[in-house]
Amino acid sequence: MNHSLLMAILILAPFVGFLINGARYKKHSGNVAGSIATVAVAISFISAILLVVDLISMPAEGRRIAVSFFEWMAIDKFKVNAGFVVDQISAIMILVITGVGTLIHLFSIGYMHHDKGVAKYFAYLNLFIFNMLLLVLGDSLLVMFVGWEGVGLCSYLLIGFWFTDKEKAAAGMKAFITNRIGDAAFLLGMFVLFITFGTLNFSELNALAPTVAESTWLGALTLGTLFLFIGATGKSAQIPLYVWLPDAMAGPTPVSALIHAATMVTAGVYMIVRLNPLFIMAPNTMMVIAIIGAATAVFAATIGITQNDIKKVLAYSTVSQLGYMFLAVGVGAFGAAMFHLMTHAFFKALMFLGSGSVIHGMHEEQDIRKMGGLKKYMPITHITFVMGWLAIIGTPLFSGFFSKDEILAYAFHSPMGSPILWAAGVVGATLTAFYMTRLMALTFWGKSRVSPDVHPHESSAIMTIPLIILAILSVFAGWIGVPHVIGEHLGHMPNFWEHWLHPMISPIPGWTAIDHTTEWVLMGCSVGLATVSAIVAYQFYVKSPETPKKIAESIKPVYNLVNNKYFVDEAYFGGIINPLINLSKNTWYYIDVNFIDKMTFWAGDLVRGMGSFVRSVQTGNMQQYAMYIGIGVVVALSFVIMR
Amino acid sequence: MNTEFITNIGLTHYLVLAALLFVIGMAGVLVRRNVIVLLMSIELMLNSVNLTFVAFSKYLGILDGHIMVFFVMTIAAAEAAVGLALAVSIFKRFNEVNIRFFEHLKG
Amino acid sequence: MTADAFLFWFLAFVTLASGLSVILMSNPIYSALCLAMTMVGISALFVTLNAFFIAGVQLIVYAGAVMVLFTMVIMLFDLKKDVQAFTKGKFTGAVKIASVGLLAGLVVGAIAMSVSLMGEKTTDNPVMVGTGMETTKALGNILFSKYIFGFEALGVLLLVIAVGAVALARSKGGTHEH
């Protein structure tokens, strides 16, 4: 089939779904709305597959399907086309977005069927998919930015979906405003890049990147990429702009799975990978990215340990995993970042949907202290959740293992990495194993703490089928990127992933092949530590539930600090938001009300006074008017004569 | 006494005469209250203007002034017709021709 | 004193006197008659200025048609003496009279100041001293050639006025229902 037609179907199918469901937003039938939306995304998925199949059949070096629908704007030298590109990087993204998207839509039919705004919900969801596709397919930063803003909007709408609850509406706004801060930086980055290169097109930017050498430590390239990275921290929830993501859990759980775990939050990583030749030329930016990524990975993981809301734990876990991706990007392991992006999309979507199934089965209960022993009530959810758990803690041969260990290997060995970054990564992995095991133990294992009037039940097939599919993917998706060191023991299994992305990824300057012994040792370290930590967590929370409490008691100040998320929200409120509000209030009161308003009132009073004076002249007495004319003639005439 | 001013009639005499007539008409417009007298005063003013036109026409030796007189006359007649029609219509409605009464004809 | 000068002074007196009477008579029918007298005076003044045709038109149109219109309307209204012929208000009255007086003074002053100028510009015995017929012929020529557009426009104006006046007079006083 024609590529531009396929591309149009790929992008527009969810949009059509959005229009249909948007037009019937008052309807309550979840099955109809859900079917429409799911079919729309499925159509999109099928065209994505067809496009990728075509892409694979092309020769490796020229793999690129570019379609330009029309010229969007042309201002002097600044030309932007509504152009879309499927290449090695965006191919992965469209498959993940539409594939996982379809599963989550399917799951949503079961999860949302009793909600009154179900048609609206599916309309938003489809709109999100549409915007996400714009984001990943856009061939220039500006087209990407359209999608970037669009997904931000959908995220806001869906977080605040139950907007009658003030807290949830506020969470939506928090997400939106935090994202706006990042977006402003993103725009600045675009400006800097446009001034430097005169184009915003990705392929042109990437081609021009090696020609620009950075002379100073903060040149145009570093500045531009740094701004783009700040934009990415907003969208991808990194320090310091991560605060919105945990609150974003106020939205429906499938939304958390789709937007706040699998797709939208990875947009920042995707953007950097897309521009990797540019970023690799700015080593200072890379260093910043790696440090922020590693710090976020550890920081979020520590908070995750103390959380009691099942979704909050997963949210902090997401922040932490995104930190991993940025760590990978920062040390130049763009392929590994994309790899982790994909595997994370599978297992985190799986776990979020699993948590959704648990919440659904527990009748909207989210506190894991009130769960426990759900294994026997929800066997399928439990099994699939275990798969996700094994994947995220990096159990060998599960998907998370391959991607995470590739990142750690790069962090250690890359000239841009360092053992400190690697150590941070390992600490993060250890903590991840701990809090995920804690989550498993408190939710599914051990004694039941479910209150007697709640009767947990397994979810319907429409919800468990997506779980099963995602579980299979979580287990096996890693096998397409098996590193050589393991692959040679598995009958010389090739690393498909590396081959696939190779033409798109810039080589790291000064890279030397990693020695196999080192790789084994690194792998052993992280797996060993994770295993130990998982066993400890199991001991703590299943065997002797009293121990963690005792430990928490003994280090109370530290526990409180972590449990309250390091008081980051409070610090933002005290340090930035409240001063800003006060400043605004003062400017409003002193400048606007007392100065500008008074001035305008004064001007108004002046005109009104003049008007009431002049009005006294207009009596309606015609002869008086005639008199005025006469006086006017006299004055004019005397002026002429006296001159 | 210089009798030149009295015996030798020139353009100036006509102009002054016209000016006085105009001023009389204007005074009528300003002080009279009857709409019909008001219209008559306007006719007076227009006539005085006609007088200047013809006087200038003669003393400058150009005929165009006469043409202007035609135009003024026609418009004066038209104005009188419409003004009187309005006066009739208002009188029929309110039985009143006092100009001050028309102040209340708003909205 | 020549006959011309005598004639002018006589006509000036008649015109001014009847003009003043127009605005001083409290009965509108007397005002109308005085106005007719003024028209006749002005018509005679036109004759002294050799504008014979204009003088005739003045008599026919003004003294004839327009004045008849006025008297007919006055008869239609059946107005006796006005109860209050003049506007009240001493201050505005004074201002009005003062402005009128000032205007008269100014105009006369202006004319007096430009007498010398007029002597230069005017020809004392201009071309149109011939018989009435010649002037009228020239007038006709110029009216139907140079001013043909204005002439036609006036024709249209008169038509509109005729229709408008009929429409106004036919209405039962005012456009609103009552």
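Visitor: What is the mean pLDDT of chain B, and how should I read that value?

Guide: This is a predicted model, and pLDDT is the predictor's confidence in each residue, from 0 to 100. For chain B the mean pLDDT is 84, and 94% of the residues of chain B reach 70 or more.

Visitor: Where in chain B is confidence lowest, and where is it highest?

Guide: The lowest mean in chain B, 74, belongs to helix 1 (residues 4-7) of chain B, while the highest, 90, belongs to helix 3 (residues 35-60) of chain B.

Visitor: How many helices and strands does chain B have?

Guide: Chain B has 4 helices and 0 strands, and the order of its elements from the N terminus on is α-α-α-α. Of the 107 residues in chain B, 55% are buried, and among the contacts in chain B between residues at least 6 apart in sequence, 49% join residues at least 24 apart.

Visitor: How many helices and strands does chain A have?

Guide: Chain A has 26 helices and 2 strands. Of the 643 residues of chain A, 52% count as buried, and residues 24 or more positions apart account for 81% of the contacts in chain A with a separation of 6 or more.

Visitor: How many residues does each chain bring to the contact of chain C with chain B?

Guide: The size of an interface is often given as the accessible area lost when the parts come together, but here we can count residues instead. Chain C brings 74 residues and chain B brings 59 residues to their contact. On the side of chain C that touches chain B, at least two residues each come from helix 1 (3-24), helix 2 (28-48), helix 3 (52-77), helix 4 (90-113), helix 5 (115-121), helix 6 (132-145) and helix 7 (148-170) of chain C. Helix 3 of chain C gives the most to this side, with 11 residues, and by class the side has 54 nonpolar, 16 polar and 4 charged residues.

Visitor: At what angle do the axes of helix 4 and helix 5 of chain A cross?

Guide: The axes of helix 4 (residues 118-137) of chain A and helix 5 (residues 141-159) of chain A cross at roughly 155° and come within 7 Å. Angles over 145 degrees count as roughly antiparallel, and therefore helix 4 of chain A is roughly antiparallel to helix 5 of chain A. The crossing of these two helices of chain A is left-handed.

Visitor: Which residues meet where helix 4 of chain A touches helix 5 of chain A?

Guide: Among them are A:Tyr124, A:Leu127 and A:Phe128 in helix 4 of chain A, and A:Val143, A:Met144 and A:Trp148 in helix 5 of chain A. The contact of helix 4 of chain A with helix 5 of chain A has 14 nonpolar, 3 polar and no charged residues.

Visitor: Is A:Lys77 buried or exposed?

Guide: A residue is exposed if 12 or fewer other C-beta atoms lie within 10 Å of its own, and A:Lys77 is exposed because it has 8 other C-beta atoms within 10 Å. A:Lys77 sits in the loop between strand 1 (65-75) and strand 2 (78-86) of chain A. From C-alpha to C-alpha, A:Lys77 and A:Thr199 are 8.5 Å apart in space, although they are 122 residues apart in sequence.

Visitor: Which residues is A:Pro415 in contact with, leaving aside its neighbours within four places in sequence?

Guide: With those neighbours within four places in sequence left aside, A:Pro415 is in contact with A:Ile508, A:Pro509, A:Gly510 and A:Trp511. A:Pro415 lies in the loop between helix 17 (399-413) and helix 18 (419-443) of chain A, and it counts as partly exposed because it has 13 C-beta neighbours inside 10 Å. A:Pro415 and A:Ile508 are 93 residues apart in sequence, and their C-alpha atoms are 7.8 Å apart in space.

Key. Residues numbered from 1 in each chain as written. Chains lettered and ligands numbered in written order. Predicted model: local features only at pLDDT ≥ 70, side-chain atom pairs only at ≥ 80, totals over all residues. Buried ≥ 20, exposed ≤ 12 C-beta atoms within 10 Å, placed from the backbone. Contact = placed C-beta atoms within 7 Å. Nonpolar A, V, L, I, M, F, W, Y, C, P; charged D, E, K, R; others polar. Axes fitted to C-alpha atoms, helices over the stretch in contact; angles between N-to-C directions. Parallel < 35°, antiparallel > 145°, perpendicular 65-115°, else oblique. Left-handed = near helix turned anticlockwise from the far one by under 90°.
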